[in-house]
Amino acid sequence: MTTPRSKPGWPWLSLLLTSLHLSSSLSTSTPKTYIIQMSRSEMPTSFAHHHEWYASTVASLASSTMSELEEPSTRILYNYDVAFHGFAAQLTQEQAEQLESHHGVLSVFPETIYKLHTTRSPQFLGIGPAVTNSIYSSAVANHDVVVGVLDTGIWPESPSFNDMGLGPIPTKWKGACEVGRGFSKKNCNRKIVGARIFYHGYEASSGPINETSEFKSPRDQDGHGTHTAATAVGAAVPNANLFSYARGTARGMAPRARIAAYKVCWSGGCFSSDILAAVDRAVADGVDILSISLGGGISSYYRDSLSVSAFGAMEMGVFVACSAGNGGPDPISLTNVSPWITTVGASTMDRDFPARIKLGNGINSTGVSLYKGRRNLLPQKQYPVVYMGGNQSNPDPRSLCLEGTLDPHVVAGKIVICDRGITPRVQKGQVVKEAGGIGMILTNTAANGEELVADSHLLPAVAVGENAGRAIKHYANSVSNPTATLSFEGTKLGVRPSPVVAAFSSRGPNFLTLEILKPDVIAPGVNILAAWSGDASPSSLVADRRRVGFNILSGTSMSCPHVGGVAALIKAGHPDWSPAEIKSALMTTAYVHDNTFRPLKDAATASPSTSYDHGAGHIHPLKALDPGLVYDISAEDYFEFLCTQKLTPLQLKVFSKNSNKTCKHRFASPGDLNYPAISAVFSEQPASVLTVHRTVTNVGHPASTYHVKVTPFKGADVLVEPNKLQFTRQKQKLSYKVTFRTKSPESSPEFGALTWSDGVHSVRSPVVLTWLPPL
């Protein structure tokens, strides 16, 4: 349906414009939350503490909205001191604009709302209990690793957070266990070493938290935070399952690491001022790893508060993993693309939950489901089927099974075919159930392709891919009395091919900086079993009264803590490694072939995926513990990278903070950052020669010789100098340069790899060549 365009003479148009003008006027005078970054070194000597300076800065703002009796400090929601310097305050747009020209103010960020990017994985990744125990037994006590998870809190009673076998809390730890409704000091232990809440930004925007319906404490009533925390560092729990699906021992990636839960997400979302406060506090508490399964769109590095705070965390030696987002398979859909952040996409595992549909014409289709209930359909009996959709060029809203669209007289006693889209998958089944339907066939559309995500439905339901769905709908619309039955086959292991890039996983390229390849890696993110909140149903629907100890979820929210947990393993084995060295180990040991020895596939297309889909590839934890060579990047190197991004001196100061750091212009282009991936961008036509430089550090055998191998490209010849690296000691650094000489510019990117090998280690860097069209 198309909306008619407005005509100048229509009377409602002037009313609409008047309304918009009034709304705009109100929006500029109504206080909102802003994050203000300050240069600590520029504090006037008249102030004894930075917090006094911040309060004075707010007090100096002229505004008709601040009464004479109002204390300026009440406008301040947070003071930031460690990973970020400044404060968050309630200001009008006019006041925020005034602040941008104030002495000592580096940047003003408007509040941003972030969204959550919503077992077998340790075995699939090759890190069973013997491996993790040997890593931790070899690490001395003061190398105890703490993983901070920014999410919806934690359900402390879950057996995944049992502290049996763990030693004393590390002496370096400065965190705290905050108390509140449903959460006491006793809920923390040697596993959960910290639990804090951050809500001032949320309440400033959304009003007070309803403490009767929501826990204003670290307790998780959503389930997402418990699931991600357990995925990263959960203790081993035998016989874990969801309704008998995926039964086995649930174990996090680093089961002997500690967890610190930072609750930043509430029923109305996750607010950037709260997230920033949590990052700042987590770094001060002493976390080693941060796992952040959140995203809020993409903006310039210096305008992204999470990017800026992650930069501060990196400077303090903290590894930061973030989810890539669930915007796939659309290109350029990534979030969290800063080079100092490890950006994680999602993949499948070799485990599935098959279910079958048998149509009345005898044709069988295979899908997936986690349904387990009393309303089973008899496999030998055929039941009537109905599909409310028609012409696909103008789809009927009823085909989406939206609330209020299904006529009980039409669907009662039938299996209803529902198209994916608009509303949550399980909610469609609830709509069918309430209308009297007895089952559901959930069909993918072009946006989802052949990717299958299993759900714990409220009635017998099976999800199928686009092709099967098209055939089933054709059958339902072409015969007078279509019928079908549904059956459920439990858990299947050894699925081939796997892994496969999830269709929902956000894709590159990184449009902020094409020379920085993103995502960095992929990790399991489809149908992941992990601990769950005792206050939430497995479907997260209010009408669902079921309660479970473990749940199966999908999303880059699930893949991110896999990488956070593996990073904790690497940190335990190599406590002196920098965040960049840990990232390098993950990227250069990642693999790009599935268990059929063919290139990784994209679930959206069933075609081979590219580095824009899978980054460096799928993580391989065991190899990442012994990568041979690493690409290290210092905070100074990242600053020099920012110097190539055409930022003003004031914008650069967002990252240099207190220092009088200036650009040394060591990098000829962004591609000279010592990144573990190489993305060569030819911006001139005809583009002839482009050279990038890299330095590797030997972390393997002291005396070792590496030889290089490069994928041949159609569009350019590649020369690596030198083509052999001879090391004589550990931690020795050697440099090389890569020269690309154009033969014939290609109309689309070319993908390949550069690999250094000593016969034991293969240190692989993905290589992408891009020719930009002339302006």
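**Helix α13 and the cysteines of the model**

Helix α13, residues 556–573, has 18 residues and reaches 26 Å from its first C-alpha to its last, close to the 26 Å expected at 1.5 Å a residue. The expected span is 1.5 Å times one less than the number of residues in the helix. Helices (H or I, at least four residues) and strands (E, at least two) are DSSP runs numbered from the N terminus. The model is predicted: local features need pLDDT of at least 70, side-chain atom pairs count only at pLDDT 80 or more, and totals for chains, interfaces and linings use all residues. Residues are numbered from 1 along each chain as its sequence is written, and side-chain values use heavy atoms, with hydrogens and water left out.

Helix α13 is largely enclosed by the rest of the structure, because 17 of its 18 residues are buried. Here buried means under 20% relative accessible area, exposed over 50%, and partly exposed in between, with a 1.4 Å probe and protein chains only.

The cysteines form the next topic. A disulfide is a pair of cysteine sulfur atoms within 2.5 Å, and by this rule the count comes to four. When the bonded cysteines of the protein chain are numbered in sequence order, they pair as 1-2, 3-4, 5-6, 7-8.

One of these disulfides joins Cys177 to Cys188, with an S to S distance of 2.2 Å. The link of Cys177 and Cys188 is right-handed, with 90 degrees about the S-S bond. Cys177 and Cys188 both lie in the loop between β6 (146–151) and β7 (192–197), eleven residues apart. Cys177 and Cys188 are both buried.

Another disulfide connects Cys265 and Cys270, S to S 2.1 Å; the link is right-handed, with 110 degrees about the S-S bond. Cys265 is buried at a relative accessible area of 4%, and Cys270 is buried at 2%.

The disulfide of Cys643 and Cys663 has an S to S distance of 2.0 Å and is left-handed, with -90 degrees about the S-S bond. This pair links distant parts of the chain: Cys643 is in the loop between α17 (635–642) and α18 (649–656), whereas Cys663 is in the loop between α18 and β32 (678–682), 20 residues apart. At 14% relative accessibility Cys643 counts as buried, while Cys663, at 22%, counts as partly exposed.
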